[in-house]
Amino acid sequence: MAEGSARIMKRLVPMWIAIIAGFVMLLSAFFPITESLGETVGEIFNVVAAIAFVLGAGSLAKVNLAKISRRDQGWGYAAITLICFAITLVVGLGKIGVPQSTQFPLLGWSGEKDAEGSIFGWIYEFALVPITSTMFALLAFYVASAAFRAFRAKNLEAILLLSTAFIVLLGRTFAGVVLTGWLPDWASGLRLENLSVYIMQVFNTAGNRAIIIGIALGVTATSLRILLGVDRSWMGSGD
Amino acid sequence: MISSALILCAISSDSSGASDVGLANTSITAAGNKADLRGKIPLNELGQEISAPPAAISISAEDVAWDAGGVIKISWQPAAGTTSATKWIIERSEVLAAGQGAGQGAGQGAGQGPWTLVAEVPIAETNAVASKLPPDASFFFRVTAVSPNGSSTVTTTKSAATGHWNFFIGAKLPLFCAILLVSACVIYFILAARRGRPMKVRRIAALEAIKDAVGRATEMGRSILFVPGIQDMDNIQTVAGLTVLGNVSRTAAEYDAAIEVPTSRSLVMEAAREAVQASYLAAGRADAYNADAIRYITDEQFGFVAYVSGRMVREKPAACFYMGCFFAESLILAETGNSIGAIQIAGTAESSQLPFFVAACDYTLIGEEFMAASAYLSGEPDQIGSLKGQDVAKAIAAIIIILGVVLATGAAIAPQGAMPAALEWLKGVLGS
């Protein structure tokens, strides 16, 4: 009996919620009369996601507290994570240092949490943004190492890839103009900057569109499998 | 006998080239009064008076048919001489129900709301669209020509126009038909598979490699890292990633390998926990399930990347799976995984990230392969049938593309023949 109700709650209810919500969203894209229903489903999702954030924060706290209590390797970082999390939470929820809203001057806590001058805004601007920018900047080095590996001329396909990349790279810099700018007008199609445009607009676009069409069909088929309840593996077992 | 005269007393030019002329009345001696009588007459280079542009001759507004409601098309007829103007300003005023308040401002009748801006369009345009209007509300529209020398008088619609809701959005008909067609193909082959029709699906190397990757992690005594992208559950790629996670975790449970799933969304963490727990249960290893191995890190894109990259460098997982929606972090993750020597399998429908995964991973599920992964791994006839239906839809798309290429080429070669008309017809059918 208990097993049956657990199955209903863990399998059938989520599946039917997904099916109904999916069909509502699909219909709302084409039938204006169902548009508000689609918006309601979107709002429900946002509310559920906001509630789930509490679970996420709980998981974060639990994992890091366990690491500190066990004195695992690097437990100090876990402590820093929790301290930063707590500080940000307190200054954000408490709106510490937030100037009063000019729109609602008589209402307390009416200013935006990340308004200029607030501690939350300061943390965002002077701590989070520089840190994330640093991580993003690392991408340049990763691109270089990945390109080095991808462009090694180990077989015919790799040689073609390397040659194409070479033309596109040169064509998009002044070097391309300097190297082939002397070509006469009747051979202007062979200038690196023009070859680069040709490769990107014809070969690259054609290949990209083929992938995108395949993705669109794949998304449709996947959505249909979920909407029809044929694919239930997103809930775990298909049983 | 002339008792007074207007005399030219000042000329100045502004940066636009128009000249200001000051006039004084000789009958008034007080300096203050002279100033009061001064006026400005803008002149062009030839000394001719520059006047405000003429108003539009007429304006009409009509509901756009087969739309989602709330869209009204406004058209007007410009008068000769409006070319000196630079733009049209289109405004609307809602017709208020009784008791909703009287009109405000000049040129506004009782029962009308305030005039609000709809659009500013170049002077060459003769129509504009007012969108996102409240459903079934009525509006008057007015248009004004604006030039540097001033604005024309307004031209207002004679009657109010209403944006009616329609049952169906006509502009989306081609898309709706395409979805119906693809759905029909998929459903037909699902039913055919249920009836026992054999379905053959080509081998996908990346999915075949999942067992090898999990086996390698088991042999090396290291963990498996599974990253289900950085988007939430409302993204189909995340859902597709979780379907693969269900299979990977089941294999991991059977092989007794540890699996770790960092997530950047709380809801994904909960869904991933359900998927992994069910897989462990199905594998008969419910006791080995560790909920804390599926953990929320942060919503922040690069904060998440920093954690996962650091974790990879410290723990050195033997197998890394990246299945879901990725953006700039794809290469950072894949390159870090490559540097630690992990076997890496990636899958995404983000076409801009595919080259990075292809360059840095051992196997990559490209777009539709990723979407087909769940069906492929399940091996269920129903799901394999859906893949076959997807293939048939792809064949139909290919036929339409070839037809379009033939017609476009033919239209370029023979612009006077039937090809251009056929090409236009095809474009119309496809809604482009």
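Me: Two strands pair if DSSP finds at least two bridges between them. What makes strand 12 and strand 15 of chain B a pair?

Reply: In this predicted model, strand 12 (residues 224-227) and strand 15 (residues 319-323) of chain B are joined over 4 bridges in the parallel sense. The requirement is at least two bridges, so these strands count as paired. Within this pairing, Leu225(B) stands opposite Cys320(B) of strand 15.

Me: In which order do the strands of the parallel open sheet of chain B lie, and which are called edge strands?

Reply: The order is 14-13-12-15-16-17, with 6 strands and parallel pairing. Strand 14 (294-296) and strand 17 (363-366) of chain B each pair on one side only, and are the edge strands. From one strand to the next, the twist averages 15 degrees.

Me: How do you know that helix 7 of chain B packs on the sheet?

Reply: Helix 7 (residues 329-339) of chain B touches strand 12, strand 15 and strand 16 (343-348) of chain B. Contact here means heavy atoms within 4.5 Å, so the helix has such atoms within that distance of these strands. The direction of helix 7 makes about 165 degrees with that of strand 16 of chain B.

Me: What makes strand 3 and strand 4 of chain B a pair, and in which sense do they run?

Reply: 6 bridges join strand 3 to strand 4 (residues 72-77) of chain B, and the two run antiparallel. Ser60(B) has Ser75(B) in strand 4 as its bridge partner. Both strands belong to an open sheet of 3 strands in the order 3-4-7. In that sheet, strand 3 (58-63) and strand 7 (127-130) of chain B are the edge strands. Neighbouring strands are turned by 20 degrees against each other on average, direction ignored.

Me: To which strands does strand 5 of chain B pair, and over how many bridges?

Reply: Strand 5 (residues 87-94) of chain B pairs with strand 6 (residues 116-122) over 6 bridges and with strand 8 (residues 138-147) over 8 bridges. Both pairings are antiparallel. Lys87(B) stands opposite Pro122(B) in strand 6, while Ile89(B) stands opposite Thr144(B) in strand 8.

Me: Why is the contact of Lys87(B) and Glu120(B) called a salt bridge?

Reply: The side chains of Lys87(B) and Glu120(B) meet at 3.0 Å, N to O. The cut-off is 4 Å between a side-chain nitrogen of Lys or Arg and a carboxyl oxygen of Asp or Glu, so this pair qualifies. Lys87(B) is in strand 5 and Glu120(B) in strand 6 of chain B, so the pair ties together parts 33 residues apart in sequence. Over all chains, the whole structure has 17 salt bridges.

Me: Why is the meeting of Arg149(A) and Glu335(B) called a salt bridge?

Reply: The distance between the side chains of Arg149(A) and Glu335(B) is 2.1 Å, N to O. With a limit of 4 Å, the pair therefore counts as a salt bridge. The interface of chain B and chain A has 2 salt bridges, and 10 residue pairs are in polar contact between these chains.

Me: How many residues of chain B and chain A are in contact, and what area is buried between them?

Reply: 73 residues of chain B are in contact with 56 residues of chain A. About 5200 Å² is buried between the two chains, and carbon and sulfur atoms give 71% of this area.

Key. Residues are numbered from 1 along each chain as its sequence is written. Chains are lettered from A and ligands numbered from 1 in the order in which they are written. This is a predicted model: local features need pLDDT of at least 70, side-chain atom pairs count only at pLDDT 80 or more; totals for chains, interfaces and linings use all residues. Side-chain values use heavy atoms; hydrogens and water are left out. Axes are lines fitted to C-alpha atoms, for helices over the stretch in contact, and angles run from 0 to 180 degrees between N-to-C directions. Buried area is the accessible area (1.4 Å probe) that two parts lose on being put together, summed over both. A polar contact is a pair of N or O atoms within 3.5 Å; within protein, one must be able to donate a hydrogen and the other to accept it, and residues adjacent in sequence count only if both atoms are side-chain atoms.
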